[in-house]
Amino acid sequence: MSEEKKILVIQTAFPGDAILTLPLIQELRKKRPEYLIDVLCIPLTAEIFSASPHVNSVIPFDKRGNQKSLFAFIRFVKQLRSNNYEVVYSPHRSLRSALISLNLSAKETYGFENSSLKFAFKKTVNYDPTAHEVKRNLEFIGDDYTADKWRIIPEINVPAESKKKVQQFFSENKIDNFITIAPGSVWETKKYPVEYFKEIINHFLSRKYQIVLVGGIKDKVLCDEMKKDNEEVVHIAAGKFSFIETIELLKSTSLLICNDSAPTHLGMCADIPVLTIYCSTVPLFGFYPYNTKSDYISYDNLICKPCGIHGYSNCPIGTFDCAKLLLPNLVIEKAEKLLSNAG
């Protein structure tokens with residue numbers, strides 16, 4: 001019996017980047033159906049790739065922990081080489097990802113032309129900084145993804161126990177007609193002000209919607225602040241659900257309002273209306289919600305914006321005008337439009 005042919009996809013970036021790699025994997029499955037597709041990722045995103053029906057095996061790479069040292073890294077790569085990958089794709093552009101690719105002895109290796117060590121790859125593809133991340137990743141395929149052909153919704157399998165857990169949350173809290181808000185971000189200058197979110201919450205409560213607040217465990221304090229004075233109709237899910245469980249929860253919401261952060265991409269997996277708020281960053285970076293039901297909002301009439309690719313712990317010039325000038329009524333107006341279109 002001949003040995004199975006294998007592809008390795010290297011994506012060791014944030015959860016949002018992981019989700020935006022799923023369309024590439026889906027298209028690879030169509031283009032190379034004879035290959036098994038493995039994914040190398042950080043432990044945090046293993047759940048995301050494991051839920052893809054197109055992924056054969058997920059290999060966690062603890063680059064900030066067990067595999068951080070040089071010797072541990074060398075041992076890890078040696079073990080990885082024993083899998084005998086014929087093809088390697090690296091959407092992640094880091095030096096570490098390039099070195100892994102270089103040392104796997106694969107027949108075909110693909111990276112972006114602006115990768116940290118581009119000579120590590122046998123073939124490099126164009127990285128268009130103005131394109132959406134999904135479309136950028138699809139450059140590895142080489143097919144026609146012009147017009148809207150690149151707008152591929154990620155496919156996720158949600159386990160039955162996860163569906164049951166979400167339904168139990170709805171039942172216990174008597175939640176049916178609700179809007180979801182994800183107020184958190186790793187970067188402070190990506191966070192829309194709490195007092196503005198409160199105004200948005202009050203508007204939709206007046207419209208007889210319930211509110212569900214989602215995010216990680218670190219966002220719970222922020223959510224507690226937003227829940228004050230509306231204990232019965234604002235519900236906190238932050239820290240209660242995994243990424244995949246959050247996707248399942250989002251499938252039942254009327255609208256998700258969030259910052260430029262991972263929940264935007266969870267909303268894409270759920271294929272729901274998403275309104276992404278851009279404070280210090282801009283949609284031009286290529287991480288906006290891209291299904292036809294969604295939109296984004298950004299106050300761009302500032303010479304200081306964008307101040308960085310990711311964000312900062314504080315506004316570099318101390319004004320935070322990118323958020324403060326994006327008034328709640330503007331967000332509400334756009335959100336209402338999305339709800340109207342969805343209805």
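Here are some numbered notes on this predicted model, going from the overall fold down to single residues.

1. **Ground rules.** This is a predicted model, so to speak of local features we need pLDDT of at least 70, and side-chain atom pairs count only at pLDDT 80 or more, while totals for chains, interfaces and linings use all residues. Residues are numbered from 1 along each chain as its sequence is written, and side-chain values use heavy atoms, with hydrogens and water left out.

2. **Overall build.** The protein has 13 helices and 12 strands; these are DSSP runs numbered from the N terminus, with helices (H or I) of at least four residues and strands (E) of at least two. Its radius of gyration is 21 Å, close to the 20 Å that the globule rule gives for 343 residues, so the protein is as compact as a globular protein of that length. That radius is taken over C-alpha atoms, and the globule rule is 2.2 Å times the number of residues to the power 0.38. Along the principal axes, the C-alpha atoms fill a box of roughly 65 × 50 × 40 Å.

3. **Burial.** Of the 343 residues, 55% are buried. Here buried means under 20% relative accessible area, exposed means over 50%, and partly exposed is in between (1.4 Å probe, protein chains only).

4. **Aromatic pairs.** The whole structure holds 15 aromatic pairs. To pair, rings of Phe, Tyr and Trp (its six-membered ring) need centres within 6.5 Å; planes under 30 degrees apart count as stacked, over 60 as edge-to-face and the rest as tilted. Take Tyr192 and Phe197: their ring centres are 5.3 Å apart and their planes sit at 80°, so the pair is edge-to-face. Tyr192 is buried at 2% relative accessible area, and Phe197 is buried at 0%. Phe204 and Tyr209 also make an edge-to-face pair, with centres 5.9 Å apart and planes at 80°. Phe204 is buried at 0% and Tyr209 is buried at 12%.

5. **An aromatic cluster, and charges over rings.** Tyr89, Tyr110, Phe112, Tyr127 and Phe140 form one aromatic cluster. One of its members, Tyr127, has Arg93 over its face, at 4.2 Å from the ring centre. Arg32 lies over the face of Tyr35, at 5.5 Å from the ring centre. The test for a charge over a ring is NZ of Lys or CZ of Arg within 6 Å of the ring centre and within 35 degrees of the ring normal.

6. **Salt bridges.** There are 18 salt bridges in the whole structure, each a side-chain nitrogen of Lys or Arg within 4 Å of a carboxyl oxygen of Asp or Glu. Arg151 and Asp148 meet in one of them, at 3.0 Å from N to O. Arg151 is partly exposed at 32%, while Asp148 is exposed at 52%. In another, the closest N and O atoms of Lys251 and Glu248 are 3.3 Å apart; Lys251 is partly exposed at 43%, whereas Glu248 is buried at 11%. Lys198, Glu225 and Lys228 are linked in a network of salt bridges.

7. **A bridge across the sequence.** I'd look at Arg207 and Glu336, whose side chains meet in a salt bridge at 2.8 Å, N to O. Arg207 lies in the loop between α8 (194-206) and β8 (210-213) and Glu336 in helix α13 (residues 328-342), so the pair ties together parts that are 129 residues apart in sequence. Arg207 is partly exposed at 36%, and Glu336 is buried at 19%.

8. **Backbone points to check.** Lys208 lies in the loop between α8 and β8, and its phi is near 70°, a positive value in a residue other than glycine. Lys208 is exposed at 69%. Ser105 has a positive phi too, near 55°; Ser105 sits in the loop between α5 (95-102) and β5 (108-112) and is exposed at 62%. The peptide bond from Lys305 to Pro306 is cis, with omega near 0°, and Pro306 lies in the loop between β12 (295-298) and α12 (321-324).
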